[in-house]
Every structure is written in structure tokens, then in C-alpha cells.
Amino acid sequence: MTAEAAARLDRVSHRYGDTVALDDVSLSLPAGRMVGIIGPDGVGKSTLLALVAGVRRIQQGRVLALDGDMAEARHRGAACARIAYMPQGLGRNLYPTLSVLENIDFHGRLFGQGSAERRARITALLSATGLGAFEDRPAGKLSGGMKQKLSLCCALIHDPDLLILDEPTTGVDPLSRGQFWDLIGSIRARRPGMGVLVATAYMDEASRFEWLVAMDGGTVIASGTPAELLAKTGKPDLEAAFIALLPAEKQSQHQPVVLRPRPPEHGTAPAIEAEHLTRRFGSFTAVDDVSFRIGRGEIFGFLGSNGCGKSTVMKMLTGLLPASAGTARLFGRPVGGTDMETRRNVGYMSQAFSLYNELTVLQNLELHAQLYHLPPQDIPVRIAELLDRYELRPVSHAHPESLPLGIKQRLQLAVAVLHRPAMLILDEPTSGVDPIARDAFWRTLIDLSRNEGVTIFLSTHFMNEAERCDRISLMHAGKVLAVGTPAELVRARGSASLEDCFIDYLAEAAGIDRQAPAETTTNPPPARIAPHRRGFDPRRLWAYARRETMELLRDPIRIAFSLIGPVMLMLAFGYGISFDVENLRFAAFDQDNSPESRHLIDAFTSSRYFSAQPLIHSQGELDQRFRSGSVQIAVEIPPRFGADLQARRVPDVAIWLDGAMPFRAETTRGYVTGLATQYLDQLSRDGRETRSAGASVNVETRFRYNQAFKSVNAMVPGIIMLLLVLIPAVMSAVAVVREKETGSIANFRSTPVTKLEFLVGKQLPYIGIAMISFVLLALISRFIFDVSVKGSLLALVLGTLLYAAATTGFGQLISTFTRTQVAAVFATALLSVIPAVNFSGLLVPVSSLSGGARLIGLGLPPAWYQPVTTGTLAKGLSFLELGPNMLVLTGFALLFLILSQILLRKQEA
Amino acid sequence: MTQIAGAASAVTPLFRSRFSTHAGNVVRLVIKELRSIRADPVMLFLVIYAFSLAIYMVSSNVPMEARDLTVGVVDEDRSDLSRQIASALRPPLFKQVVSLAPAEVDAAMNSGRIVFVLDFPPQLQMDLLSGRPAAVQLEVDATAMTQAGNGAVYIQSIIAQEVAKFAAGRDLPISAPMQVVMRAKFNPNLESSWFTSVTQVINNITLLTVILTGAALIREREQGTVEHLLVMPLLPIEIMLAKVAANGLVILVAAGLSLVLVVEWWLGVPIAGSLALFLVGTGLYALAVAALGILLGTIASSMGQFGLLAIPVLLLMQLLSGSSTPMESMPVWLQYVVQIVSPTPHFVAFAQGVLYRGADLTIVWPPLLALAALGSVYFTVALARFRNVIFGD
């Protein structure tokens with residue numbers, strides 16, 4: 001590697017729809033250094049990192065990383081074995097149900113490491129990060145800081161030359177943050193050649209980096225060492241320097257935040273009074289015996305890492321969550337789930353944006369005004385006031401999703417203060433907002449507190465915001481560590497800054513001796529094996545298959561869907577879809593009442609298909625009883641029927657059917673035809689009919705394959721066909737799309753795993769699941785529906801295996817063009833069920849289809865599998881007779897795999 | 001006296017203002033829900049498509065009645081009679097008849113190419129003419145359940161007809177001591193589209209009400225807006241009632257339009273009963289299944305899980321409702337279970353009564369009563385879950 005640049009960008013632009021993420025950026029990042037990219041959310045930091053890591057497709061310009069062009073697939077393939085990429089978000093490249101050990105192990109397998117190598121590396125990484133004690137804990141149950149350490153372990157498993165970290169410490173407490181950077185430092189000390197590229201929104205931690213790139217609005221506004229940036233702007237800290245670097249028109253919007261003293265309190269009840277508040281979720285105590293009092297008009301800050309219980313405390317104060325123990329009082333009144341008066345006194349702003357994206361800014365404000373019951377005549381005035389005060393008028397008809405984060409936060413605040421509450425509860429209101437917008441936000445908060453006496457209770461990660469609070473509370477692992485004014489706390493601890501003070505408290509709570517040297521004496525990881533470039537590596541395929549299986553086994557909803565779903569549906573189909581027409585409600589309208597007419601009625605009532613109902617006495621009753629459904633077939637015998645019959649006057653007998661269900665009526669008609677013939681035969685045999693039997697041909701009907709002519713015998717093979725396309729296809733489609741949704745798809749994009757290994761690896765577990773369901777279905781059909789294998793068992797099993805490969809492949813094919821799980825579920829269900837039910841021989845034999853319907857049927861696997869199930873379960877066919885179907889099913893399995901392989905993108909658009 | 005009257009008049013406005021507060025909240029939330037639905041093009045498309053084009057396509061393209069039956073003929077007689085019968089098996093009921101040698105029969109039926117094989121034995125015509133018992137064999141592939149039974153009856157009656165014609169031509173005696181006339185009520189020509197189209201409307205009501213309501217709740221949970229609603233001076237019941245009412249309303253309007261525009265007008269299927277009565281019942285039913293949607297929405301935590309949960313539940317409800325195949329065909333114990341657990345069979349019974357048979361309130365009140373009872377149970381359970389999940393977790 002040449003020493004000058006780890007990566008170079010040349011006139012790179014990138015856009016998402018109409019939004020420009022990177023605008024003609026040219027940049028050279030020095031090699032072997034700790035490079036920080038700084039700037040608020042949405043300025044293009046993540047896009048830049050993703051392009052360098054090779055996980056995003058380059059739209060315009062050239063990106064060179066590790067001495068190669070990242071637009072070339074061959075270089076990317078080689079480079080990704082040397083680059084480690086940690087995506088944004090807490091533990092986005094982790095699998096929450098997998099343990100710490102299993103997560104790292106999976107990443108090791110992705111790089112084709114043998115078990116001895118993996119073990120040695122994992123041991124070294126776990127001891128370096130102090131995660132060794134938690135190796136069996138599922139990643140989803142780790143704290144934010146631990147998640148990020150684990151993510152880092154996963155990224156470092158292959159000793160990368162370039163480590164790319166996208167906001168690794170966002171939402172992590174200062175102690176863990178410090179530990180994280182110490183860890184990076186010790187790794188760099190051991191491998192000085194390794195370059196680190198970090199994006200961050202925390203200006204204070206950026207001052208530790210060796211080289212900084214400041215970004216705004218998709219462009220680079222400055223780069224250089226932190227000292228150079230400070231010198232260039234003449235500012236004391238990076239945050240001020242960053243603001244100074246912004247273009248002039250943005251800077252002009254900035255006004256410094258001026259703190260004003262709080263007017264003295266009146267002697268009333270405190271705004272918030274929490275006493276021994278505790279909240280448990282199962283065995284986990286999220287909030288443990290928390291007490292504090294907040295005076296009216298005070299700005300009270302809550303500091304702590306993600307998951308330390310801040311949000312839970314806030315939810316208990318708003319009444320969103322009941323407390324497990326302890327009490328909370330707002331303005332002297334206990335917080336209760338149904339106390340509407342307290343709610344009117346509180347404005348709440350949750351951590352994530354939580355207003356309606358489908359309503360415009362104005363509609364959101366109106367809705368809240370109405371729901372808080374502002375007098376109708378005051379609403380327009382109040383909204384106009386807020387639109388001006390929070391500078392929302394230009395966007396009043398826009399939908400929030402199209403607005404930048406800073407404006408969204410202003411809107412949330414406007415909504416929260418709309419009903420003039422005496423208290424605001426704000427959960428991380430400025431997270432991800434740029435410094436200028438943040439300062440503007442704070443000026444409003446100070447106005448609210450000082451001018452209107454609003455009590456403000458807020459949580460934050462930013463130390464400079466904490467310093468602006470009247471008092472703060474430090475929280476960790478559900479407990480409050482300290483409460484006081486920022487100055488008091490710093491003084492009490494003898495710390496240099498609030499951050500140091502907080503870290504000190506955290507370290508004490510966690511029992512860590514901060515003076516101990518960072519652990520550098522761990523076993524050096526084994527020598528790096530030359531990166532193997534293999535087109536196909538069964539170990540990587542196995543890594544995906546193994547991990548998918550573990551995840552699946554730990555997800556109750558998916559496992560229930562894939563195993564219990566088919567069983568329930570098979571029973572429902574078997575019992576519910578029946579073409580046997582029996583127990584038809586029959587009644588006679590006998591206007592003759594002769595022996596002959598009663599004889600005719602007997603012919604009906606003695607049939608097993610009909611269940612006799614009371615006689616009908618009038619035409620009106622006949623209509624009425626049909627209408628109510630209490631009669632489905634009626635025979636109307638005319639007056640003088642017997643006499644006419646005797647006199648050979650050929651009487652008319654009318655038979656009425658309920659035509660509401662045509663299929664049932666058709667079948668009934670068949671029964672009646674048969675009955676009539678029998679009755680006439682009997683007539684002649686009894687000698688009532690004196691004429692000799694006429695010329696007739698007897699039709700001897702033989703029902704093949706299903707002598708009892710029971711619907712269930714014919715339906716079971718079709719149901720197996722239907723269920724083994726629906727469930728496996730949906731499952732395998734969801735498996736891929738899930739990774740897109742949770743973000744773990746990044747592991748596929750940033751590691752050497754190939755598309756084929758990824759697809760087949762993720763497909764295998766679902767073929768296995770499909771085979772298990774098949775066994776269950778076969779057992780149900782044998783023991784509950786009494787349908788057993790009459791033909792070649794081998795043909796059935798092999799055919800099912802091929803079919804499962806084809807249907808799971810079909811699901812994967814759909815997953816390549818669906819982005820959300822819900823779309824994948826419904827699209828796959830519709831695309832598999834409609835042809836399977838209508839065009840594959842389930843209801844109508846394929847031989848009776850023509851044109852498009854036939855082509856659709858034969859163009860998908862179910863129509864080729866149905867003959868396999870029917871053939872082996874009903875017709876007793878041999879393996880050879882089903883040979884062609886096996887070949888076609890194999891073809892489908894391969895075809896879907898190839899198509900998915902072509903359509904799946906290794907890089908994000 | 002005056003005091004009491006004064007107290008009463010003081011209570012009434014208070015009560016009225018409470019009630020109007022709650023009702024006002026629900027109305028505002030309903031408007032919000034409707035706006036949300038309007039802003040979701042995928043859902044809107046799904047509703048419109050399911051109630052229009054999908055009904056049209058399924059009703060006009062996938063006939064349940066036997067059609068295009070495949071018949072093979074083994075003609076060992078090669079007489080006028082056998083040829084006359086074979087040529088009477090004509091489209092659209094039958095596909096072009098295939099002539100088979102006796103040895104080809106098994107292969108043709110095993111592969112599923114041919115469903116019916118008619119075997120005319122040697123001497124068939126001779127036997128008939130000489131008055132000896134004459135018989136033909138009809139082999140039926142009984143795995144083709146929708147065709148086998150009815151197809152066999154059609155073939156038998158065509159044979160009987162042709163034999164009668166043949167006999168008439170040769171002046172043989174004909175037997176007919178009485179004339180049997182069969183008439184179908186409500187659907188004289190037994191057209192399957194009359195049945196399918198209405199069934200589709202009924203099924204769509206279940207399907208879309210559950211999906212729409214469940215998705216509305218999950219969307220709020222995923223976006224966190226439900227928290228926002230809960231900190232406002234609103235009761236959980238108001239929030240849930242608004243969701244149920246708004247989504248039920250959308251379905252009610254869509255179903256009504258679909259019946260009038262698609263079923264009656266586009267497909268030309270007559271609706272026997274009162275549309276107003278049907279819509280009343282549908283409204284009641286929509287409340288019950290919307291509550292089910294809420295229930296599922298509280299069990300699943302993401303849209304993906306909701307989909308996995310909803311598909312089997314909806315399929316079960318639909319299959320066991322008696323909407324596609326008659327309730328009487330199910331085992332009796334299952335009929336009881338389904339009718340106790342699910343509102344769908346009651347709605348199906350109600351809807352079929354009104355729409356197919358023109359039943360009025362004096363006839364369909366029992367299923368309506370059952371709907372109301374089950375609906376309140378569903379609503380109560382869903383509300384309890386809704387409170388529990390949103391507050392307790």
C-alpha cells in the first residue's frame with residue numbers, strides 16, 4: 001500500500017431520487033491514520049463511507065480505495081477481504097438472537113477461517129474488549145456500548161487494513177465511548193499500518209482524531225488536522241470551529257445560546273416529584289429506585305447511555321407506562337393512566353420522530369389542537385402563532401417525511417407546546433440535529449422556561465447541552481448516580497469537565513479502575529493467513545446456512561408459521577374444502593297424497609344424500625323455506641299424480657333446487673337424475689308400470705384412483721402441493737428481505753461471500769423446513785385423512801425435495817425486488833397461491849385449461865409437482881412414470897437460482 | 001322537587017359534554033385515520049383492485065362448473081350409435097374427443113391427460129337393437145374432484161339422449177312414465193359467476209378489514225405515533241374505536257360500491273335481497289373483524305410478523321366459513337367449533353341469505369345476533385390486549 005492515501009475520491013456525486021447526498025466531492029484521505037468525517041445527520045457522511053467500503057454502487061466519479069478502483073468488481077472482491085465496515089446504528093451488523101460468541105464466529109466463517117484460527121482470534125478479541133464474560137449473551141440483550149464493541153470485534157476478525165466505522169459511538173455513554181476509542185487505539189498500536197475512517201456527529205470526540213474532514217450539504221467544507229481547523233477558524237473548540245466553517249448564509253442564522261438565571265420559584269408543589277420509581281420488565285429491572293424533584297420552570301437534564309432507563313423514566317412520568325413500584329407526581333397530582341387533567345399539563349416529544357408523515361405540517365398541528373380541545377375559535381390563532389414562532393410557515397403544507405431533521409424537531413416541539421402545557425418532557429430532542437439548529441432549539445427552550453415558566457425535562461447525549469441545564473441527573477443501568485447543577489457535580493468530583501465527571505461516576509458504578517493501563521498484553525492474534533481468493537467457498541455457504549438455521553430456531557413467530565402453519569392449514573383444507581355434497585335438506589310438497597306420491601317421496605328420503613325435512617304445504621311456504629335456507633331441494637308433486645301415473649298420462653313432477661351454490665346444485669341434479677332413473681326402474685319392476693322397459697344403454701361408471709369418490713382423497717395431494725409452495729416461498733423471501741430491513745445485509749455486501757454462497761446458504765435451511773413440514777403433512781394425510789402412498793415413495797420424496805428447492809428459489813427471486821418484509825410476504829403469497837390454486841390442477845385439471853391459464857400453470861413448479869403427489873398418493877405411479885416431472889422441477893430450481901443470482905445486487909444502489 | 005329537577009338538569013349537560021367530548025375525539029381520530037389511508041397508495045390500490053378487477057377476473061375466468069372436460073373414446077363397436085354418441089361430446093362442455101386404443105387408456109389417465117374414458121364394447125349397437133342388455137363403460141379419474149362427479153352425470157345424460165334419438169329414428173319403444181322437470185331457484189342457469197362474484201366480495205371484506213386495521217395499528221407502533229396519542233387526553237378505547245370505525249367504513253363503502261358497480265352492473269349478476277340490510281350486517285361484521293385486526297396487530301411487532309401471522313389466520317377463517325364449499329360438508333364437531341369461535345360463518349350465512357336468496361330481517365336475524373355477540377367479545381378482548389400491550393410493554 002502506498003503511504004499517501006487510504007482512499008481517494010475524484011469528483012464523486014451521489015443522489016437518492018431528488019436528494020443530493022454527495023455533490024462533486026474530491027478528497028484524499030491519508031493512509032494509516034485515524035481520519036474523522038464530521039458533520040450532522042444527512043450531510044453525506046454515510047454515503048461517502050459506503051462508497052469507500054464498496055457496499056454502495058458508484059453513480060458518478062471515481063473512488064479509489066486500497067490502490068484500486070472500487071468500480072471494478074475484481075478489485076472490490078479482493079479489497080473487501082482487507083476492509084472492515086461497521087454500518088451506522090447500534091449493532092446493525094449483528095444478529096440479535098445470536099450470542100456474542102456466535103456473532104463473531106459467523107463473521108470469522110465469512111472470511112473462510114478454519115475453526116482453530118477462529119477460536120484463537122475470538123479469544124484474543126473477547127479478552128481485548130472485555131466481552132469474554134458475556135460470550136453466551138444474545139447480542140440483542142447487550143447495552144449500546146457492548147453492542148458496538150461486539151460490532152467492532154466482528155469487524156476486526158480478519159485483521160483489516162482499513163477499518164471503516166460509521167458513527168460507532170452514537171447513543172453510547174461517555175464511559176463506553178472512551179473505552180471504545182481506547183480499544184481502537186490499542187489495536188492501532190499493534191497494527192500501525194491499519195487506517196481508520198470514522199464518521200461522527202460528536203465534535204468533542206473528533207478532536208482526538210488525526211485528520212478531519214468537515215462536511216455540510218454533500219460537500220467538503222474543510223479538511224486537515226484538528227489543530228489546523230481550530231487555527232484556521234480561531235475558535236476554542238471544534239463545535240464552534242465547525243459553525244465557523246459553514247457557508248456564510250448558514251452562519252448568519254446562528255446566534256449563540258445565552259443562559260439566563262431562573263426567576264425564584266413560588267412556594268407551590270414541585271413540577272415533578274418521583275419517589276422510588278421502579279420499573280421491571282420480566283426479570284429485568286429497567287429503572288431501579290429512582291427519586292428526584294424538579295422545580296417549576298427548571299430545565300432538568302437527564303444523561304446516560306442508550307438503554308440506561310432514561311426513556312422508561314420519561315414514559316412513566318407521562319403515564320405511558322405504569323410504574324412497578326414507587327410514585328410519580330406532576331404538580332402534586334399522582335400520574336395515572338386515565339388522569340386527563342395531568343395529560344393536558346404535559347407536552348411530550350419522543351426520541352424518534354413520532355408525528356404523522358401522512359398528514360401535512362398544518363394537519364398535524366390541527367389534529368393535536370383538536371384533540372387537546374383548544375376552543376375552536378382559538379385554534380387558527382394559536383397555530384398561526386406557532387407557525388411563525390417555530391419558522392414552519394414555509395413548510396406548512398409539506399409532509400414531514402420530506403423535511404430535514406432539524407425542521408421536524410421544531411415541528412415536534414411546536415406540537416408539544418401547542419396546548420400551552422406547564423411541563424415539557426423531551427426525549428433526546430436534538431439527537432442527530434446539526435449544531436446551528438440545535439442552538440436555535442435551545443434558545444426556544446430557554447425562552448419557554450424563563451419567559452413562560454415551563455418546566456423542561458429532557459434527556460441528551462451532548463455534554464455541552466447538559467451544561468446548559470439548571471440541574472442534571474446522571475443515570476446508568478437503571479440507577480441515578482448523581483443529581484445537581486453541572487458546576488456542583490464537576491466540583492464535587494474534582495473533574496476537569498462535565499464529561500470527565502460523568503465518566504468518573506460511571507466507572508465507579510461499573511467498578512472499573514480508570515487508571516489501569518489499557519489492556520495491550522493480550523495474546524497477539526495468530527499470523528494472518530494470506531487472503532484466499534476463492535470463487536466458491538463451501539465454508540462461507542455453510543456459515544450462512546448455519547446462522548440462518550440458528551436464527552430461525554430462535555424466532556417463535558417464524559417457526560410457528562413454518563411448522564404449525566402448514567399443519568393447521570392442512571386440517572382446515574382437509575375438513576373445510578369438500579366437494580362431497582351430503583345431508584341436503586329435502587322437503588316434499590305433496591299435492592296428491594296418494595300411495596304413488598308417497599312412494600316417490602320415499603325414494604328421496606331413503607337416499608343417504610338427503611335429510612328429510614317436514615312437508616311443505618303451500619307454494620308460499622316453499623318459497624319462504626328456500627329463502628331461509630332450511631330447504632335445499634324440494635319435490636313438487638302435482639294433484640292427481642297417482643291417477644295420472646296409473647292412466648299413463650305422463651304427469652309432470654317439478655324438482656326445485658337451491659341454485660345459490662351452483663356446484664352443489666349441479667351435484668344435486670346428478671343425484672336426482674340417478675334417483676329418478678332408479679325410481680322408474682323400480683316402477684316397472686313392481687309392475688306399476690305395465691309397459692316393457694324401453695331401449696336404453698346402461699352406463700357403468702367406474703371411479704378410478706378414488707373408488708369411494710371421497711373429496712378428501714382427491715384434495716390431499718393438491719393441498720400438499722399448495723402448502724409446500726406457499727409457506728417455503730414466503731419463508732425464504734422473508735429471510736432475505738429481513739436482512740435488508742435490519743441492515744445485516746451489510747455483512748453480505750462488505751465481505752468476500754459470493755451471491756451464490758449467500759443465496760444457497762440461506763436457502764438450505766428452508767428446504768430443510770419444507771421437508772419437515774412435508775413429513776408432518778404426509779403423517780396427517782396417512783393417519784387423519786387415511787390417504788397413504790400407493791406409488792413410488794422415492795418419487796414422492798425426491799419430487800418434494802426438488803419442489804422445495806424450486807419454491808424456496810421462487811421466494812428468493814421475489815425477495816430480490818421487494819424491500820420490506822410485509823411486501824415480501826404478501827407478494828409471495830399472492831404470486832404463489834393464485835397460480836397454485838387456479839392453474840395447477842388443484843381444482844381444475846391442467847388438461848382442461850387452455851391459453852394463458854395453461855401457460856401460467858405450466859410456467860411454474862406447482863403444476864409439475866401436483867402430478868407427483870396425485871400420482872404417488874392416489875394413482876400408484878412408479879418412479880419412471882414421474883421422471884419427466886422430476887427433470888422439470890430440477891430445471892425450475894436451477895432457473896430460479898440463476899435468475900436470483902443475476903438480479904441480486906452485491907452493492908446498494 | 002325543584003331541587004331534584006335542578007340537579008338532574010345539572011347532570012345532563014355534564015354527561016352530554018362528556019359524551020360529546022368522547023364522540024368528538026373519535027370523530028377527529030376517524031378523520032385522521034381516513035387521511036392516513038388516503039396517503040397510503042399501496043393499501044388503496046389493494047382495496048380498489050381486490051373489490052373491482054380481482055372480482056371480475058376470478059368470476060369470469062375461473063369457472064367452477066365443469067368445462068373443457070377431456071374425454072377419450074375406445075370405440076370397439078365402430079357403429080353408427082358409437083359414432084353418434086362420440087360426436088355429441090362437443091365443446092364448450094368437452095374438449096375435442098381423443099380416440100384411444102385399449103392399451104393406451106392407462107397411460108392417458110395416469111398422466112392426467114384424460115379425465116374421462118368412454119369404452120364402447122363390440123356389439124353395442126347390435127345388443128341395443130336386439131333388445132339385449134346393452135352397456136358402455138365410463139372410466140373417471142376421481143382425483144379430478146370438481147369434474148368427476150358432474151362430468152359423469154353429463155356424459156350419462158348425453159348418452160341417454162343420443163340413445164333416445166337413435167331409438168326414435170329406429171322406432172324403438174321409449175320409456176317415460178313421468179316427466180321430471182328440474183328448476184334451480186335463485187340462479188336458474190347455475191352460472192358459477194353469480195356465486196363466485198358475491199363470494200369474492202364476502203371474502204374480501206374479511207381479508208381487507210383485518211389487513212387494513214392491523215396495518216394501521218402496526219404503522220402507528222412502528223412510527224411511534226401511538227405513544228403520542230397515548231400521552232394526549234385520549235382514552236385507549238377512543239383510539240381503537242376510531243381505527244375500527246375508519247377502516248370498517250372504508251371497507252363498507254368499497255363493498256357496497258363493488259356490489260353495485262362490479263357485481264350487478266359490470267358482471268350483470270342480480271342481487272336478490274336488500275343492499276341496505278346487507279350493509280348493516282357488513283358494518284356489524286367489519287367491527288368484529290377489525291377488532292381481530294387490532295388483536296393481531298398487538299401480537300405482531302412489525303409488519304413482516306403481521307403478514308406471517310395474518311395469512312394463516314385469514315386462510316383458516318375463510319376456508320372454514322362455508323363461503324367456498326358448504327358448511328354441511330364439514331364434520332359436525334368442526335361446524336360447532338367454527339361457529340362458536342369465528343364470526344365469519346355467521347356473516348357468510350347472513351350474506352348468502354340476503355344476496356343470493358333475498359332473505360329479509362325476519363329470516364337472517366339469528367346470524368346477525370351471533371355476529372353482534374361475537375363482535376362484542378372480539379372487541380373486548382382486542383381492547384384489553386390493546387391496553388395491555390401499549391401500556392404494559
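**Notes on a predicted two-chain model**

Colleague: Which strands does helix 11 of chain A lie across?

Modeller: In this predicted model, helix 11 (residues 310–318) of chain A lies across strand 13, strand 16, strand 17 (423–426), strand 18 and strand 19 (471–476) of chain A. Helix 11 runs at about 150° to strand 17 of chain A. Helices (H or I, at least four residues) and strands (E, at least two) are DSSP runs, numbered from the N terminus. Angles run from 0 to 180 degrees between N-to-C directions, with axes as lines fitted to C-alpha atoms, for helices over the stretch in contact. Two residues are in contact if their C-beta atoms, placed from the backbone, lie within 7 Å.

Colleague: How is the numbering done, and what are the limits on the model?

Modeller: Residues are numbered from 1 along each chain as its sequence is written, while chains are lettered from A and ligands numbered from 1 in the order in which they are written. As this is a predicted model, local features need pLDDT of at least 70 and side-chain atom pairs count only at pLDDT 80 or more, but totals for chains, interfaces and linings use all residues.

Colleague: Back to the strands. What is their order in the open sheet of chain A?

Modeller: The six strands come in the order 16-17-18-13-19-20, and the pairing is mixed. A pair needs at least two bridges found by DSSP between the two strands.

Colleague: Why is one side of strand 16 and of strand 20 of chain A left without a neighbour in the sheet?

Modeller: Strand 16 (346–349) and strand 20 (479–484) of chain A are at the edges and have a single partner strand each, so one side of each has no neighbour in the sheet. On average, neighbouring strands of this sheet are turned by 15° against each other, direction ignored.

Colleague: How many bridges join strand 13 to strand 18 of chain A?

Modeller: Five bridges join strand 13 (residues 299–303) to strand 18 (residues 455–460) of chain A, and the two run parallel. Within strand 18 of chain A, A:L458 is the bridge partner of A:G301.

Colleague: Why does A:D24 count as partly exposed?

Modeller: Because A:D24 has 15 C-beta neighbours inside 10 Å. A residue is buried if 20 or more other C-beta atoms lie within 10 Å of its own, exposed if 12 or fewer, and partly exposed in between, with C-beta atoms placed from the backbone.

Colleague: And where is the cis peptide bond?

Modeller: It joins B:P91 and B:P92, with omega about 0°. B:P92 is in the loop between helix 4 (80–88) and strand 2 (98–99) of chain B.

Colleague: Which element of chain B has the lowest mean pLDDT?

Modeller: Helix 1 (residues 2–38) of chain B, at 70, whereas strand 1 (residues 71–75) of chain B has the highest, 94. pLDDT is the predictor's confidence in each residue, from 0 to 100.

Colleague: What does the predictor give for the complex?

Modeller: An ipTM of 0.83 and a pTM of 0.83.
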